[in-house]
Amino acid sequence: MGFVLKNKLIEVENFCDKPEEGFLVAAADLKKYLDTAVGTWHTHPGKTSNLSANDYQTFINFPSWDHYIVGTDGVTCYRVSEGRLIVV
């Protein structure tokens, strides 16, 4: 999991108690990339790239970023548009 910058992907540690069920970014990492990130990415190992409830809550709170999920079915990009999450 990590951040998408203009020219590269950054990987950060997942601090979630159950990393197979969600992700939690350290405040220091969020602060470090908040102004330069254009998106986020994470994987769903062994699962599709469909949204989880945690994904939805996180993505909706960062509406200016694209959000990528890598799953068994490939990569899906989500974006907030008019307050709703859409697939792009």
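Asp66 and Arg79 form a salt bridge in this predicted model, with their closest N and O atoms 2.6 Å apart; the term stands for a side-chain nitrogen of Lys or Arg within 4 Å of a carboxyl oxygen of Asp or Glu. The pair links distant parts of the chain, since Asp66 belongs to strand β4 (residues 66-71) and Arg79 to strand β5, 13 residues apart. By this rule the count comes to one salt bridge. Side chains of opposite charge can pair when their charged atoms come close.

The local features described here need pLDDT of at least 70, and side-chain atom pairs count only at pLDDT 80 or more, whereas totals for chains, interfaces and linings use all residues of the predicted model. Residues are numbered from 1 along each chain as its sequence is written, and side-chain values use heavy atoms, with hydrogens and water left out.

| Residue | Relative accessible area | Class |
|---|---|---|
| Asp66 | 16% | buried |
| Arg79 | 35% | partly exposed |
| Glu82 | 84% | exposed |
| Arg84 | 58% | exposed |

Strand β5, in which Arg79 is found, covers residues 74-81. Leaving aside neighbours within four places in sequence, Arg79 is in contact (heavy atoms within 4.5 Å) with Asp66, Arg84, Leu85, Ile86 and Val88. The C-alpha atoms of Arg79 and Ser64 are separated by 7.9 Å, although these residues stand 15 residues apart along the chain. Arg84, one of the contacts of Arg79, lies in strand β6, and its C-alpha atom is separated by 9.2 Å from that of Pro63, 21 residues away along the chain. Glu82 is found in the loop between β5 and β6 (84-87), and its phi is near 55°, a positive value in a residue other than glycine. Most residues other than glycine have a negative phi.

Asp29 is buried yet has no salt bridge, the nearest side chain of opposite charge being that of Lys32, 5.8 Å away. Apart from neighbours within four places in sequence, Asp29 is in contact with Phe3, Val12 and Glu13.

Taken as a whole, the chain has two helices and six strands, which run β-β-α-β-α-β-β-β from the N terminus on; helices (H or I, at least four residues) and strands (E, at least two) are DSSP runs, numbered from the N terminus. The C-alpha trace spans about 30 × 30 × 25 Å along its principal axes. With 88 residues, a compact globule would have a radius of gyration near 12 Å, and the 12 Å of the chain agrees with this; the radius is taken over C-alpha atoms, and the globule rule is 2.2 Å times the number of residues to the power 0.38. Buried residues make up 34% of the 88 residues, and among contacts between residues at least 6 apart in sequence, 50% join residues at least 24 apart. The accessible surface, from the Shrake-Rupley method with a 1.4 Å probe, comes to about 5800 Å², of which 53% belongs to carbon and sulfur atoms.

Notes
Buried < 20%, exposed > 50% of the residue type's maximum accessible area, 1.4 Å probe, protein only. Lys, Arg positive; Asp, Glu negative; His and termini not counted.
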